Amino acid sequence: MLRGQFRLIVDGQVCDMDQGDTIIINADVPHNSTSVSRNTLVCGVHLDAAYFERLGLPGFASRQYLCRTFLHSRSFMHRVAPIKALMARLVLDQSNHPEEIMVRQTIANLLACYIYRWIPHEEADAAGAQLRSDSRGRILRIMDTLNEQDAGQHLGEIADAEGLTLSHLSRLFKRHLGIGYRDYSQNLRLDSAAETLRTTDHTIGTIMERSGFGNPAVFYNKFRARFGCSPAEFRRGRRPSKPQSVLTTEDAAEVQKLLMVLATDVGKAAELAVGLAPHDKRQIVLSAPHNPTRETTPSHALAMS
């Protein structure tokens with residue numbers, strides 16, 4: 001959290017975050033943001049857990065990392081400072097330098113290694129783990145379906161496809177994401193409408209109909225409630241689709257300043273990530289030359305809500 005306040009629902013648990021807070025959301029855990037203050041700035045990085053496990057971190061994808069600074073003591077903030085430094089460097093893109101792709105890959109690897117080495121974790125308990133996995137799997141499948149296809153699909157149709165009653169699936173959705181299916185689906189349709197407004201010249205009426213809204217008054221009211229302006233006002237302020245950012249010039253300058261401060265500790269973070277902390281140095285031995293392999297770089301993102 002760079003600025004403002006943010007609320008996440010992570011697998012049914014409410015997480016209220018303030019400036020400076022950090023959270024690790026474990027792999028395949030359903031999550032959703034339910035309320036954001038207008039001035040909130042969120043910096044996030046996605047790490048493909050399976051990729052790093054294949055790269056050489058055994059069990060990385062199955063670990064349940066315990067990193068929610070709003071639940072830990074203040075001393076735990078020292079534990080997450082290297083995470084912030086490495087994340088900051090990932091977001092501070094220097095694409096005008098030819099070596100930047102390699103730098104970002106290196107920093108991503110260091111971030112994964114640091115989390116693997118220093119962040120406390122627990123293994124999922126066997127009792128009830130399969131049930132939770134099945135429950136999460138259903139929600140993740142539904143979320144993927146809505147993101148890729150028709151966000152207006154009725155919950156009853158999805159319940160039939162999943163072999164569940166409508167009431168049970170509705171409770172399941174609410175428990176994992178903290179928001180009802182209807183509101184979640186509606187937000188996806190509004191987000192799609194906003195993206196179409198930003199990137200096409202279609203009329204607002206056409207966009208409204210294609211987004212599944214039959215009543216103009218409902219569409220305008222819901223759109224304003226979500227984005228703080230009318231569809232026409234949103235379109236007049238549209239920006240190029242790339243880079244994918246809604247940061248104002250002032251916000252971008254503040255973000256860069258905040259991230260530059262955090263990134264100054266990237267050297268210390270690297271030392272810890274590769275095991276060069278004072279109490280670890282006695283464990284270092286010599287090995288044969290390393291033969292690196294080429295892999296795909298994970299994704300990194302900066303978002304404002």
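Where is Ser230 found?

Modeller: The model is a predicted one. Ser230 is found in the loop between α9 (216–227) and α10 (231–236). With a relative accessible area of 11%, Ser230 is buried, because buried means under 20%. Leaving out residues up to four places away in sequence, Ser230 touches Phe223 and Arg224. Both lie within the range 216–227 given for α9.

At the start of α9, a side-chain oxygen of Asn215 comes to within 2.9 Å of the backbone nitrogen of Ala217. The 12 residues of α9 should span 16 Å at 1.5 Å a residue, and the end C-alpha atoms are 16 Å apart, so the two values agree. Just after α9, Gly228 has a positive phi of about 75 degrees.

The average pLDDT of the protein is 82, and 82% of the residues score at least 70. Over residues 239–244, pLDDT stays under 50, and the model has 6 contacts beyond four places in sequence for them. Residues 127–131 also stay under 50, with 1 such contact. Where pLDDT is low, the predicted coordinates should not be read in detail.

Thr22 is found in the loop between β2 (13–17) and β3 (31–36). Thr22 has a relative accessible area of 9%, so this residue is buried under the 20% cut-off. Not counting residues up to four places away in sequence, Thr22 touches Met17, Cys67, Arg68, Thr69, Val80 and Lys84. Of these, Val80 and Lys84 are listed among the buried residues of α2.

Helix α2 has 15 residues and reaches 20 Å from its first C-alpha to its last, close to the 21 Å expected at 1.5 Å a residue. The helix is mostly covered, with 11 of its 15 residues buried. Among them are Pro82, Ile83, Leu86, Met87 and Leu90, and the buried set also includes the charged residues Lys84 and Arg89.

In soluble globular proteins, nonpolar side chains tend to be buried together. Ile115 touches Ile24, Leu47, Phe60, Tyr65 and Ile83, residues up to four places away in sequence being left out.

Last, the whole protein. The secondary structure comes to 12 helices and 7 strands. Among contacts between residues at least 6 apart in sequence, 71% join residues at least 24 apart. The accessible surface comes to about 18200 Å², and carbon and sulfur atoms account for 52% of it.

Note on methods: Residues numbered from 1 in each chain as written. Predicted model: local features only at pLDDT ≥ 70, side-chain atom pairs only at ≥ 80, totals over all residues. Heavy atoms only, no water. Helix = DSSP H or I, 4+ residues; strand = E, 2+ residues; numbered from the N terminus. Buried < 20%, exposed > 50% of the residue type's maximum accessible area, 1.4 Å probe, protein only. Contact = heavy atoms within 4.5 Å. Areas by Shrake-Rupley, 256 points an atom, 1.4 Å probe, with all protein chains shown as cover. Expected span 1.5 Å × (residues − 1). Polar contact = N/O pair within 3.5 Å; in protein donor to acceptor, adjacent residues only side chain to side chain. pLDDT = per-residue confidence, 0-100.
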